[in-house]
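Colleague: I'd like to learn how to read packed helices in a model. Could you walk me through a case?

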Amino acid sequence: IHYYHVVFTIDHVFNPLVAFNQKRLFNLFINTAAQLLKEFGQKYLGGEIGFSMVLHSWGQTMQEHLHIHFIVTGGALVTSPTGYSWNTASHEFLFPVKLLSNQFRNRFCFSLAQLWADGKLNIHDGALDVQSMVQQALSKDWEVYIQAPLYDKEKLIEYLGRYIFRIAISNHRIVALGKDNVTFKYFDNRDHGKEK
């Protein structure tokens with residue numbers, strides 16, 4: 001079967017809150033994204049999709065960048081009274097990405113606001129304004145990324161697998177070590193993948 005690469009990202013406004021509530025907010029993030037994928041699989045493919053995921057907490061330049069990579073089946077297992085069948089998704093379209101993005105933003109923000117209202121978040125002795133964070137995040141468009149793997153599914157699995165078994169900065173990326181700093185190279189995706 002074919003697969004899709006799906007990436008969910010939460011707004012960076014929540015980074016300070018995540019620092020003090022990692023377990024709770026990682027769980028909220030993972031569960032929200034996974035539940036929405038399951039719901040969209042039922043709604044748009046009529047059955048149960050399959051997926052694997054990897055949570056990343058940083059980007060190439062070591063900035064806080066909380067996102068989840070999913071490998072999602074390009075179809076769903078459909079149950080009927082006569083047995084099971086496979087409903088194949090289009091090779092060009094899995095789910096309506098704008099709708100998925102909006103529902104993800106809303107569900108994550110409202111669930112986070114509920115955790116805060118229930119007193120379940122560490123707000124660093126009142127230093128973190130959760131209500132303001134949620135309002136800022138809701139005022140923006142969030143973008144869930146959905147695309148067929150650029151190469152093949154094996155390359156995507158290899159790419160994601162490296163994050164399970166490697167540290168943030170591999171030795172080959174280190175250019176120089178100083179007393180108080182480390183210089184390393186990265187690929188700038190915002191500048192056509194140039195090495196910097």
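This is a predicted model: local features need pLDDT of at least 70, side-chain atom pairs count only at pLDDT 80 or more; totals for chains, interfaces and linings use all residues.

Colleague: At what angle do H3 and H4 pack?

Modeller: Two packed helices are described by the angle between their axes and the distance between the axes. Here, helix H3 (residues 97–117) and helix H4 (residues 130–138) make an angle of about 175°, and their axes are 10 Å apart. Helices (H or I, at least four residues) and strands (E, at least two) are DSSP runs, numbered from the N terminus. Axes are lines fitted to C-alpha atoms, for helices over the stretch in contact, and angles run from 0 to 180 degrees between N-to-C directions. H3 and H4 are therefore roughly antiparallel (angles over 145 degrees count as that).

Colleague: Which residues of H3 and H4 meet?

Modeller: From H3, Arg105, Asn106, Cys109, Phe110, Leu112, Ala113 and Trp116 meet Val130, Gln131, Val134, Ala137 and Leu138 of H4. Contact means heavy atoms within 4.5 Å. The residues of this contact of H3 with H4 split into nine nonpolar, two polar and one charged. Ala, Val, Leu, Ile, Met, Phe, Trp, Tyr, Cys and Pro count as nonpolar, Asp, Glu, Lys and Arg as charged, and the others, Gly among them, as polar.

Colleague: Where is His124, and what is its phi?

Modeller: His124 sits in the loop between H3 and H4, and its phi is near 55°, a positive value in a residue other than glycine. Asp125 lies in the loop between H3 and H4 too, with phi near 55°. His124 is partly exposed at 38% relative accessible area, while Asp125, at 84%, counts as exposed. Buried means under 20% relative accessible area, exposed over 50%, partly exposed in between (1.4 Å probe, protein chains only).

Colleague: Which residues of H4 are buried?

Modeller: An α-helix has 3.6 residues a turn, so residues three or four places apart point the same way. In H4, the buried residues are Val130, Met133, Val134 and Ala137. Seen down the axis of H4, they fall within an arc of 95°, so they line one face of the helix. That arc is taken from the directions from the helix axis to the C-beta atoms. The buried residues of H4 pack against helix H1 (15–20) and H3.

Definitions and conventions: Residues are numbered from 1 along each chain as its sequence is written. Side-chain values use heavy atoms; hydrogens and water are left out. Angles under 35 degrees count as roughly parallel, over 145 as roughly antiparallel, 65 to 115 as roughly perpendicular and the rest as oblique.
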